[in-house]
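Subject: Structure for you to look at

Hello,

Here is the structure I promised to pass on. Please open it first, then read my notes below.

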Amino acid sequence: MDCLKGMREFFTEEEGMGTVEIILIIVVLVSLVILFKSQITQVANTIFKKITTQSNKV
């Protein structure tokens, strides 16, 4: 029961995010970008190609 009470208090806590949490979020985001760099580049290139070809039609 103490565990459930502790979890409930943790989720209802309204304190601001600390520096450590923000740094961890940034590290995770940068890691994801590094892992999926080629896929992200391919998607971006495809989108830009479509934009260029369709803007020439207008």
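The protein exposes about 5,900 Å², and carbon and sulfur atoms supply 68% of that area. Accessible areas come from the Shrake-Rupley method with a 1.4 Å probe; for residues, only the protein chains shown count as cover. Buried residues make up 0% of the 58 residues (buried means under 20% relative accessible area, with the 1.4 Å probe and protein chains only).

Some background. This is a predicted model: local features need pLDDT of at least 70, side-chain atom pairs count only at pLDDT 80 or more, and totals for chains, interfaces and linings use all residues. Residues are numbered from 1 along each chain as its sequence is written, and side-chain values use heavy atoms, leaving out hydrogens and water.

Now the overall form. The radius of gyration is 21 Å, whereas a compact globule of 58 residues would have one near 10 Å (taken over C-alpha atoms; the globule rule is 2.2 Å times the number of residues to the power 0.38). Along the principal axes, the C-alpha atoms fill a box of roughly 65 × 25 × 20 Å.

The protein has three helices and zero strands (DSSP runs, numbered from the N terminus: helices are H or I, at least four residues; strands are E, at least two).

Val33, Ile34 and Leu35 in helix 2 meet Lys37, Gln39 and Ile40 in helix 3 (contact means heavy atoms within 4.5 Å).

Best wishes

Technical notes. Buried < 20%, exposed > 50% of the residue type's maximum accessible area, 1.4 Å probe, protein only.
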